[in-house]
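Look at the fold as a whole before you pick out single residues. Then follow the paragraphs below with the structure open beside you.

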Amino acid sequence: MAIIGAFMVPHPPLIVHEVGRGREDEIAATVAAYVQVAKKIASLKPETIVVTSPHATLYRDYFHISPGTEAVGDFSEFGAPEVRFHLFYDTVLVKAVCSEADAAKIAAGTKAEKHAPLDHGTAVPLYFINKYYTDYKLVRIGLSGQSYKAHYALGECIRRAAEKTGKRVVVVASGDLSHVLKEDGPYGFRAEGPVYDERIMNVMGNADFGKLLSASLFSPDFCENAAECGHRSFIIMAGSLDRTAVRAERLSYEGPFGVGYGICIYGVTGSDEARNFLERYEENERRAFDERKKSEDEYVRLARLAVETYVRTKGYLRIEGGAAVGSSIPGQMKLSGDLLDNRAGVFVSLKKDGMLRGCIGTIAPVCANIAEEIAHNAVSAAAFDPRFSEVEEDELSSLVYSVDVLSSPEKISSKTELDVKRYGVIVTKGSRRGLLLPNLETVNTIDEQIEIACKKAGIDMSENPELERFEVVRHY
């Protein structure tokens, strides 16, 4: 067999009667839809239920699949210790998923955390399912900080594992939507919140899963601003239905507490080779990469050349005789006077699949000219940013570059002289100094801009750091 059904569900503990104690009536449509989901799963009689949860063990660069044979948990954290769970993991399917992930070179498995109790992202769906059906084993999978593509590919591994083991498998994608829908909600309001919820319910309600990967609809920065919870969970589920014909049914959407809750059902109706969304996405990315390279200006071409030279040869570009020279270059890249005759601080940023892959820069120039500044900082961003592993050769065709050339910083007396779109900020207290570039998608206010710069420098906002501002010319 394979995947026989899939479900998108939220996980507010309040929805559990023993926790909500009547407040669950305020989201009655969600409760009613959850009952429909549970009854549908009972009718399918799956051998295994795979739950993807944002609140299971999470690592930046690894998908954690719960190991061992048993799963236990309760709602003690939410004042209802009497609601307990004792389930058994499907060790056969877990092993098969790990094997498929290994073959696909996806960082996933059962290493690290060994005995984590059931998280509420898993327990809330099981609370409803168990009222109608208990004859199943569980596979619990956490999300990660890896790309959307990696999450979709992990879903494909779940599908292949189900097919190879011959098990009847249901996938439950647990995840709330935006947490910033209302000013009086627990997390306040951001404009991206309701926009995200409208988009995601439209996409999921129509099973238009290819759009989950779309940078124009759901860039990582946009999703972060929307404070969503379940996007990557939904993507894993979508991957598990790759090349599968489904009948989508949108059951409910509510957001009365400032957090969005959506429920959809996906009935499997057969196969459909045209629903190969990741394959099509990667083909579009290859075409976009070719077009992007054609339109890059010399600042970005120089940064790319410096990185590719270093990654392939461990050698550095040399700037000499009006050109960039390196062992991997057939000939030379001639450079303009703008790069050779001027000095400035430069930041080089690398992104992969819409996510930051490295960013290093200099506030003031340290090299002889802008060309050397770019070449040096590009390599540092690719190989020496302590937040990331070194860029590998098979990533080079996936990288998107930007080069920010900084103006000279000027001191300001008040934050009112800042503008997050126009000016970057430098904060200084004694020997501690932090910088944040302007016009970043995830930074909406001056206070956010200053706070992030202070955190980078280890400065507390109460210390009243000195402020400087600067402008940049950004090259793509």
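The protein chain carries 57 positive and 68 negative side chains. Lys and Arg count as positive here, Asp and Glu as negative, while His and the chain ends are not counted. Each charge is placed at NZ of Lys, CZ of Arg, CG of Asp or CD of Glu. The centres of the two sets lie 3 Å apart.

This is a predicted model, in which local features need pLDDT of at least 70 and side-chain atom pairs count only at pLDDT 80 or more, while totals for chains, interfaces and linings use all residues. Residues are numbered from 1 along each chain as its sequence is written, and side-chain values use heavy atoms, with hydrogens and water left out.

Now take the overall form. The protein chain has 14 helices and 21 strands. Both are DSSP runs, numbered from the N terminus: helices are H or I with at least four residues, strands are E with at least two. The C-alpha trace spans about 75 × 50 × 40 Å along its principal axes. How does the radius of gyration fit a compact globule? For 476 residues such a globule would have a value near 23 Å, and the protein chain has 25 Å, which agrees. The radius is taken over C-alpha atoms, and the globule rule is 2.2 Å times the number of residues to the power 0.38.

Next, the surface and the inside. The accessible surface of the protein chain comes to about 20700 Å². Carbon and sulfur atoms own 49% of that area. Such areas come from the Shrake-Rupley method with a 1.4 Å probe; for residues, only the protein chains shown count as cover. Of the 476 residues, 55% count as buried. Buried means under 20% relative accessible area, exposed means over 50%, and partly exposed lies in between (1.4 Å probe, protein chains only).

Contacts tell you how the chain meets itself. A contact means heavy atoms within 4.5 Å. Among contacts with a separation of 6 or more, 75% join residues 24 or more positions apart.

Is Ser-174 buried or exposed? Ser-174 counts as buried because its relative accessibility is 0%. Leaving out residues up to four places away in sequence, Ser-174 touches a list of partners including Val-9, His-11, Val-51, Gly-121, Pro-125 and Ser-233.

Move to helix H3, residues 91-103, which holds Val-97. Val-97 is buried, since its relative accessibility is 1%. Beyond residues up to four places away in sequence, Val-97 touches Ile-65, Leu-154, Cys-157, Ile-158 and Ala-161. Arg-159 is 62 residues from Val-97 in sequence, yet their C-alpha atoms are 8.6 Å apart.

Lys-105 is exposed, because its relative accessible area is 79%. Its phi is near 60 degrees, a positive value in a residue other than glycine. Lys-45 also has a positive phi, of about 50 degrees, although it is not a glycine. Find Lys-45 in the loop between helix H2 (28-44) and strand S2 (48-53). Its 54% relative accessibility makes Lys-45 exposed.

Helix H13 spans residues 370-383 and includes Ala-383. At 13% relative accessibility, Ala-383 counts as buried. Apart from neighbours within four places in sequence, Ala-383 is in contact with Tyr-310 and Glu-390. Tyr-310 and Ala-383 are 73 residues apart in sequence and 8.7 Å apart from C-alpha to C-alpha.

Phe-388 is found in the loop between H13 and strand S16 (399-406). Not counting residues up to four places away in sequence, Phe-388 touches Arg-60, Leu-356, Arg-357 and Gly-358. The C-alpha atoms of Phe-388 and Leu-278 are separated by 25 Å, and these residues are 110 apart along the chain.

Finish with the cysteines. How many disulfides does the structure hold? It holds 0, a disulfide being a pair of cysteine sulfur atoms within 2.5 Å. For Cys-223, the nearest cysteine sulfur is that of Cys-229, 12 Å away. Cys-223 is buried, with a relative accessible area of 1%. For Cys-264, the nearest cysteine sulfur is again that of Cys-229, 15 Å away. Cys-264 is buried as well, with a relative accessible area of 0%.
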